[in-house]
Amino acid sequence: MIPDKLYIPTTTLNFNNIMASESISPAGFYPVRGFGYKRFDKVKPNNLDKRIILYDKYPIFDINDIELENYPLVIMVTRQHIGEDIICEYKDGVFYAEETIYLNPFSTKIYFRNEDEKRRTFLKVEQSLNTKMVPIYQNDILVKTLNVNYFEWKNNDITDSAIDFSKHISKDRRINKLKGLLYAYLFGANRSLPPEVVASKKLVKKLQNLLSAIITNPDGYVNYKQEEELRILYRKINETFYQVEGLEKILQNRIKQKEEQYHCSNFAEILKKEDLYDTWYQKQNLKPSYRINPFNLSYSHKSSNKKDSEYNNNKSEETQKYFDAYFSELEKAIDKHLKSANTNVLDLPILQHCNRVEGIPSDKTGFQTKLFNEYCEEHWNSEEFLASRLDFATAGGKLFREELQDSWENSSSKSYINDLRKNLASHTPFTLNSVTNLTLQSFAVFCKKGEEDIDKLEDYLISNGIGDFRIAFSLWGIVFGFANMPKTLANDLFLSNDRTYKSDVYKYIFKQIHGIELEGEFESKEEKEVVVIPSQLNGDMNNNKPEAIATDNNIHNEDPSLELENKLRSLELKLVLLKDIKDKYEQHKYNISNLLFDDIGKIRGVGTKTLQKIKDALGHVDEDLKSTQLQSEPPLPLHQSTGLFLSDFDFLSSDNEFIVTVSHQNKDWKKDLKWFIESHKISHKDYNKYWKDKPTDNESIIKQFIFFKEEIYKSSEDLLRRFYFSNE
């Protein structure tokens, strides 16, 4: 008999993999399945290629790996939420599965042995773009648990399977495509923009490109043509704010009222003929809430004197900061007019027998259904698409031709598809907006600009005035799949505070994909009083039941956010301000550090005095005071090293030996160190510019740092190697 709860032993090296695809497959699947991670690390209790080994009790085991941060991880799954006939019994509490097990946060638990191993694993989550499912599993990723039956794993004699698992691989590929479609359609619908906002963003992107070209010009000056283009763009952007805020509609209503009052049908025309329209218009006081100011081009001036290279470098850095702040303010002014609306789950695509698209409520013709089903076929994967966009467009063109039948020959669609194919084959001219059909336009956009970075697809849609992202995003989701979907896209839903909505969305998509009904709703983050699962690290083992062990992790079980609120209560902060501070605290994983206070200082309404009061309430000591203490007192270990350079800002910025070493080289060392560490995060604006696709192990990072700023920090190399390679 198969028990309701089963435990899968694995390693923390697979955590990002599992949270990207929300599944566990036999290790042999990963190198050949063609999506997501290509490797799944095996452990001794789960060491087969074609089978996943499961146990009816929690297996206690160790991993002896001195080179990697490689720790035991155990996944608990429930039989009722796994497809029928997937789990098979071997003997003596050992079970196996020969196909993928799909997880869900309503019945899955993920166990770490201790808080330190969990923390070290989560440090790597930040660097993984595709590890998107962590937020909705937040209550199911545990260090402790109640009443867990366990056993000390020693050995088992289960052998590997000899079956051909190609049919299971095909099933996984289809699920990855369909799941990618459903989520991408949802995200595309929720992120779609009204026409007037698209017009604003389109103009802003033109302005951004033009100003970028100007400030990076070695001459540092703007020519007459660029000046004229800037003048036109500033005017048009201001006009779009007029449209976005509905002022044109208000004006027309007032004109209509005057026409009724004076019994004339051409009130505005009369005023214009009498040269009174401008005067009357000024009296209406119809001004947008935001008006763009011209970019200060004096920031981009550069000296031609070679001796002034250092000045130019500093000037360039200042210009970039001003440039970023300028457009950040502009984007916020536009986004302020966006009305957040969650797409109803009943408007999402409907699947037939969990295997293909049956229909899309908004697609009355049924053509999108045919289009999506064509590319859900296994051979249309991302590698095939990127290798031959022309073949992809040709296959879609056949569907458009079949849809139009006899009217195809003389249709604009035929010319459009043929022009698209020629463009893809030999880069001939192609006008994207030569047709008004949204499906055709979206198809062409994806054929031309679809790639793994979906943000570029969204930018291209906006730059061409297309605000409905559903079709283009859906094609992306089908071709690139759910496993490759970035958390920057998924966070809009998964980090939402609307627990009912994201619960309904998740349950709907899970049922569509797997045919299994889930019950319940996502809960808010909780810290529960529980019992440590014993292991060799925690002390001696009992024979039957786990023993409650007092550790630093369970002596204090109060919610960290509540603890923060209690400390700040005396400051009588506004509720909205307190909420923002608590959000920052959670983002920093409840760690009171310089980085946390830097982020709190950016919250609107937190001035210098308020920030200092918050620091005092939380018992934080400023760095200047720490430096004074270091001069007069023996150095104290204010922060323990995490063992990872990229997560050690607090440790390095408080270590006396490191401070002395680097401060001799540069007075701005702390600013450099902070930027260096922060910019390695995928979410940082400079990540793609400097660190994308570069290794992040300590060896590589140390080399990057010592060569940073023309090797100014080379003197710290020996010290850093001692910090991070002390066991070698």
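Start by selecting Cys354, which is partly exposed, with a relative accessible area of 28%. Here, buried means under 20% relative accessible area, exposed means over 50%, and partly exposed is in between (1.4 Å probe, protein chains only). This is a predicted model, where local features need pLDDT of at least 70, side-chain atom pairs count only at pLDDT 80 or more, and totals for chains, interfaces and linings use all residues. Residues are numbered from 1 along each chain as its sequence is written, and side-chain values use heavy atoms, leaving out hydrogens and water.

Now pick Cys88: partly exposed too, at 29%. If you look for disulfides (pairs of cysteine sulfur atoms within 2.5 Å), the count is zero.

Next, show helix 4 (residues 195–215) and helix 5 (residues 224–244), whose axes are 9 Å apart at an angle of about 155°. Helix 4 is therefore roughly antiparallel to helix 5, a label for angles over 145 degrees. Axes are lines fitted to C-alpha atoms over the stretch in contact, and angles run from 0 to 180 degrees between N-to-C directions. Helices are DSSP runs of H or I with at least four residues, numbered from the N terminus.

Which residues make the contact between the two? Among them are Leu203, Leu207 and Leu210 of helix 4 and Leu230, Leu233 and Ile237 of helix 5; contact means heavy atoms within 4.5 Å.

For the last stop, go to helix 18 (residues 499–514) and select Ser503. Is Ser503 buried or exposed? Ser503 counts as buried because its relative accessibility is 1%. Beyond its neighbours within four places in sequence, Ser503 is in contact with Glu521 and Phe522.

How values were computed:
Parallel < 35°, antiparallel > 145°, perpendicular 65-115°, else oblique.
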